[in-house]
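Colleague: Could you walk me through how to read the strands and the core of a model like this one?
Modeller: Gladly, let's go feature by feature.

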Amino acid sequence: MKSISRHCPRCKQYAALELHDQTSLNCPRCSARWGRVATLKEIFDSCPVCQCRQFYISKDFNQLLGCLVMLVGIALVPFTYGLSLPVFALFDWLLARRVESLINCYKCGSEFRGFKEETNRFKPFLHHVGLKYDKYR
Ligand SMILES: [Zn+2]
Ligand SMILES: [Zn+2]
């Protein structure tokens, strides 16, 4: 599933929307208009919300958090089990598999999930590029 998530500028709530071709993006809570998607194929040519052309990738921290909770659970397993090494190897594997990259808009901070084939096009956050957009946040 492809989706966009952001903090709505009107109701200040964090909300997610499913993305399809030819969709109007409206906040699911307060129905403020966010923007419009023409085609998903061209969604990263310019952000459907703010028309920004620069994006960066980051790890999906919601998923990362889930993994950290799991790690704490694992850490609580008594050491006498002697399982820590294989368990941590397993954790690593799960982390690599479960935590996907998401694509973020530099200007409006929208997060795009489910665009696996597109993530190669973008680089992680670059500080000097981020500075340019600081005033919009
Ligand atoms: Zn809203
Ligand atoms: Zn944007």
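Colleague: Which residue in the turn between strand 1 and strand 2 has a positive phi?
Modeller: Strands here are DSSP runs of E with at least two residues, numbered from the N terminus, as helices are (H or I, at least four residues). Strand 1 and strand 2 form a hairpin with 6 residues between them, and Lys-12 in that turn has a positive phi of about 65°. This is a predicted model, where local features need pLDDT of at least 70 and side-chain atom pairs count only at pLDDT 80 or more, while totals for chains, interfaces and linings use all residues. Residues are numbered from 1 along each chain as its sequence is written, with chains lettered from A and ligands numbered from 1 in the order in which they are written.

Colleague: How many bridges join strand 1 to strand 2?
Modeller: Two strands pair if DSSP finds at least two bridges between them. Here 5 bridges join these antiparallel strands, and Arg-6 has Ala-15 as its bridge partner in strand 2. Strand 1 also pairs with strand 7, in the antiparallel sense over 3 bridges; there, Ser-5 is partnered with Glu-111.

Colleague: In what order do the strands of the open sheet lie?
Modeller: The order is 2-1-7-6-5-8, making 6 strands with mixed pairing. Strand 2 (14-18) and strand 8 (123-124) are at the edges with a single partner strand each, so one side of each has no neighbour in the sheet. Further in, strand 6 (residues 101-105) and strand 7 (residues 111-113) pair antiparallel over 2 bridges, and Asn-104 has Glu-111 as its bridge partner in strand 7.

Colleague: And which residues have the most contacts inside the largest nonpolar core?
Modeller: Such a core is a set of buried Ala, Val, Leu, Ile, Met, Phe, Trp, Tyr and Cys residues joined through C-beta atoms within 7 Å. The largest has 13 residues, and Val-49, Ile-103, Cys-105 and Phe-112 have the most contacts inside it. Strand 6 gives the largest share, 3 residues.

Note on methods:
A residue is buried if 20 or more other C-beta atoms lie within 10 Å of its own, exposed if 12 or fewer, and partly exposed in between; C-beta atoms are placed from the backbone.
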